[in-house]
Amino acid sequence: MKRRREMEKQCSSELRSTIDELSLLAVMKLKHHRHLHHHNDPVITDDLPNDTHIPTRPFLSVCNFLLHLLDKIGPTMAVLRQDIHRNILRLEIMQELDPVLYSNVVEILKKEASEGTSRKMSSCSKAFVWLTRSLDFTTTLLDLIGKDLGVNIGQAVQEAYEATLKPWHGWISSTAYRVALKLVPDNKTLIGILMSETVDQETLKEELKSFTSLLASFLNELHTILETYKLHKVKAA
């Protein structure tokens, strides 16, 4: 019981930390944008404006929040967790090859596009696609929960999955997820995971609203990048 309370507090703390991370990310991007305009830097590519900058570490930090949330939910979402973890590792390994250049995810996408490797199964571009879609799923799910803490979690997960991940899943992936979705925890368990004992439900709703609002804004930019590199229609098996 004590361990359970510690896990709940940790998740709530992680939610607040991720809100701070997203807020900082917005500030970083604004400063980057102002810096480029102040120095009149040239446009980097013909397709993307010169202020397109997705800091790799903060992006992966937000993805790691989802990983930790799935850990708290337990083995029922192991399929999604495994995918996210593998995709995070791909981008981390690539960034370590050149920490300065690849501190911007867009530089990784540009490299693979120029080499013609973007659509390979093990590409970082595909990892970026699926991490973005996993964040879509998270935003949709937590938005549904934030609007109604009494929502049926199974139905909310199903609705979020159908709106974000299912359109891109083939038969194999859909089957695996369909099994997992039947095993999601009940409302009381998931709300307990999201909320520490020191936070009331209204505070949780406000935090979920802040999180989903900040993440939705960030995701709009990520999807623009996916379309620019023609990755927005990539499908799974």
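How are helix 6 and helix 7 oriented to each other, roughly parallel or roughly antiparallel?

First, the conditions. This is a predicted model, in which local features need pLDDT of at least 70 and side-chain atom pairs count only at pLDDT 80 or more, while totals for chains, interfaces and linings use all residues. Residues are numbered from 1 along each chain as its sequence is written, and side-chain values use heavy atoms, with hydrogens and water left out.

Back to the pair. Helices here are DSSP runs of H or I with at least four residues, numbered from the N terminus. Helix 6 and helix 7 pack at about 165°, and their axes are 11 Å apart. Axes are lines fitted to C-alpha atoms, for helices over the stretch in contact, and the angle runs from 0 to 180 degrees between N-to-C directions. Helix 6 and helix 7 are therefore roughly antiparallel; under 35 degrees counts as roughly parallel, over 145 as roughly antiparallel, 65 to 115 as roughly perpendicular, and the rest as oblique. The crossing of helix 6 with helix 7 is right-handed, that is, the near helix is turned clockwise from the far one by less than a right angle, with anticlockwise being left-handed. On the helix 6 side the contact (heavy atoms within 4.5 Å) uses Val157, Gln158 and Tyr161, and on the helix 7 side Ser173, Ser174, Tyr177 and Leu181. By class these are 4 nonpolar, 3 polar and no charged. Nonpolar means Ala, Val, Leu, Ile, Met, Phe, Trp, Tyr, Cys and Pro; charged means Asp, Glu, Lys and Arg; the others, Gly among them, are polar.

The contact includes Leu60, Leu67 and Leu70 of helix 2, and Ile84, Ile88 and Leu91 of helix 3. In total it has 10 nonpolar, 4 polar and 5 charged residues.

Leu69, Lys72 and Ile73 of helix 2 meet Leu190, Ile193 and Leu194 of helix 8. That contact splits into 5 nonpolar, no polar and 1 charged.

On a 1 Å grid over the protein atoms alone, a cavity is a set of points where a 1.4 Å probe fits but cannot get out; a pocket is an open set with protein on both sides within 12 Å along at least five of seven lines; lining residues have an atom within 4 Å of a point. Points are joined across faces, edges and corners, and a volume is the space filled by probe spheres set on the points.

The largest pocket has a volume of about 450 Å³. It is lined by 22 residues, with Asp83, Arg86, Trp130, Ser173 and Ala236 closest to its centre. Helix 3 (78-97), helix 5 (124-147) and helix 7 (171-181) each give two or more residues to that lining, and helix 3 gives the most, 8. The lining is 12 nonpolar, 5 polar and 5 charged.

There are 2 cavities of 30 Å³ or more. The largest cavity holds about 100 Å³. Its lining has 13 residues, and Leu70, Ile73, Met77, Phe137 and Leu141 lie nearest the centre. Helix 2 supplies the largest share, 4 residues. By class the cavity lining is 12 nonpolar, 1 polar and no charged.
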